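Please look over the notes below with the model open beside you.

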Amino acid sequence: MKIAVIGGGPSGFAAAIKLAERYNDITIIEKNNKVLKKLSITGNGKCNYYNEVQEITKYHSSYKNFTEVINTKNIDKVKNFWSDLGIIPYIKNGYYYPFTNNSKSIVTSLINKAYSLGIKIIENTEIDDIISYENKFLLKGNNYSNYFDKVIIATGSLAYPKCGGTSFGYDIAKKFNHQIIKLNPALVQLVTNTGIEKKWDGIRCQVKVLYKNNENIIKEETGEIQLTDYGISGICIFNISRDISIGLNKNEFEEVTINFIPWYNGNNFYEFLDKRSNDLKISNIINLCEAFINYKLLSAILFKLKIKEEADWQDLTKVEREKFCQSLISFKVPIIATKGFETAQVCSGGLDLTELNLKNLESKKIPNLYFCGELLDLDGDCGGYNLTIAILTGILVGKSC
């Protein structure tokens with residue numbers, strides 16, 4: 001049995017490793033000059049590869065019954081896969097990293113395992129077309145042509161083309177009459193329209209972010225935000241970006257609310273500042289707040305409210321004080337775009353799961369053709385969930401192909 005895995009990412013490697021437990025002629029074909037290129041930069045090179053918090057709300061798909069794939073039994077296979085690979089974890093707040101804190105440990109372990117199983121790895125080879133011919137598949141590419149009995153497509157999504165993001169998997173799926181659910185950038189930075197982006201550029205702070213759609217709370221995230229000259233970024237932003245991206249694609253008005261003082265759990269921040277001013281004998285509004293709000297951010301907010309930095313708290317009108325307090329607790333940020341597929345970590349949407357056998361991800365239309373990884377209509381939040389999807393779907397293909 002001769003089997004090709006197109007795509008040398010984590011999903012392709014997981015599929016090939018599991019296949020090699022039963023077959024001895026497995027080939028990984030990668031278009032980049034190195035396999036696992038995107039994995040090597042995951043988590044700023046630290047590679048958060050798993051998360052002990054496994055809630056179904058961390059995963060997303062347009063197919064309501066995607067739990068046929070993402071479920072406790074299958075996720076346990078992912079944890080065991082990493083353990084069997086010999087990865088020693090460093091666990092921080094439920095996030096799993098290699099103990100070296102370096103993605104190279106993961107990359108090297110996957111490559112060494114593949115070679116130990118006799119898996120052939122071909123790099124710098126881009127497949128252009130797949131032709132189904134007499135119960136076999138002809139793979140054609142740059143200076144490459146070969147027949148295989150089974151083919152696994154693990155070429156990833158459109159996200160982050162600098163590391164190999166491509167439409168190839170979608171194109172092949174369409175060629176064989178599969179449907180692609182609308183693609184949108186996910187886990188991506190947001191472009192905003194507050195008017196003070198240039199002033200707050202470079203600030204990092206701990207916040208609470210609320211995303212509503214038609215007055216319904218869709219998601220609430222707490223964590224670090226990065227304020228930039230184009231808008232907002234950071235893990236808490238990435239985790240709401242999926243829904244916002246979809247809304248923007250539908251030409252809906254999208255807005256998030258930022259609470260810059262998530263530590264405050266009282267009922268009246270106005271009174272809190274009044275008391276603080278009296279107790280500390282501080283009158284200037286900057287001095288009053290600079291102990292808990294970055295000066296640069298205070299300056300930007302005051303500029304937007306048309307309040308002078310040298311103003312005293314008690315000299316402000318009641319309306320000005322209320323607007324200032326509201327801006328710290330509930331700063332409204334209109335979203336005009338995302339940074340797109342160029343910087344997105346993953347895509348939402350993808351190959352329609354209803355057209356696959358979800359036990360082994362084989363095409364229901366073309367026997368012996370399989371799909372796994374990012375190109376599926378299945379994505380997750382930040383925190384190792386997308387890598388879990390990649391490994392899990394690779395395992396399902398490899399164990400049952």
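**Notes on two loops and a helix pair**

1. Start with N101. N101 sits in the loop between strand 6 (95-98) and helix 4 (103-116). Keep in mind that this is a predicted model.

2. Check the backbone there. Most residues other than glycine have a negative phi. N101 is not a glycine, yet N101 has a positive phi of about 60 degrees.

3. Now go to N124. N124 lies in the loop between strand 7 (120-122) and strand 8 (127-133). N124 is not a glycine, and N124 has a positive phi of about 55 degrees.

4. Turn to the helices. Two packed helices are described by the angle between their axes and the distance between the axes. Helix 10 covers residues 295-305, and helix 11 covers residues 318-329. Their axes come within 11 Å and cross at roughly 130 degrees. Helix 10 is therefore oblique to helix 11. An angle over 145 degrees would have counted as roughly antiparallel.

5. What is the handedness of the crossing of helix 10 and helix 11? The crossing is right-handed.

6. Which residues meet in this pair? Helix 10 brings L298, I301, L302 and L305. Helix 11 brings K323, F324, S327 and L328. The residues of this contact divide into six nonpolar, one polar and one charged.

Methods
Residues numbered from 1 in each chain as written. Predicted model: local features only at pLDDT ≥ 70, side-chain atom pairs only at ≥ 80, totals over all residues. Heavy atoms only, no water. Axes fitted to C-alpha atoms, helices over the stretch in contact; angles between N-to-C directions. Helix = DSSP H or I, 4+ residues; strand = E, 2+ residues; numbered from the N terminus. Parallel < 35°, antiparallel > 145°, perpendicular 65-115°, else oblique. Left-handed = near helix turned anticlockwise from the far one by under 90°. Contact = heavy atoms within 4.5 Å. Nonpolar A, V, L, I, M, F, W, Y, C, P; charged D, E, K, R; others polar.
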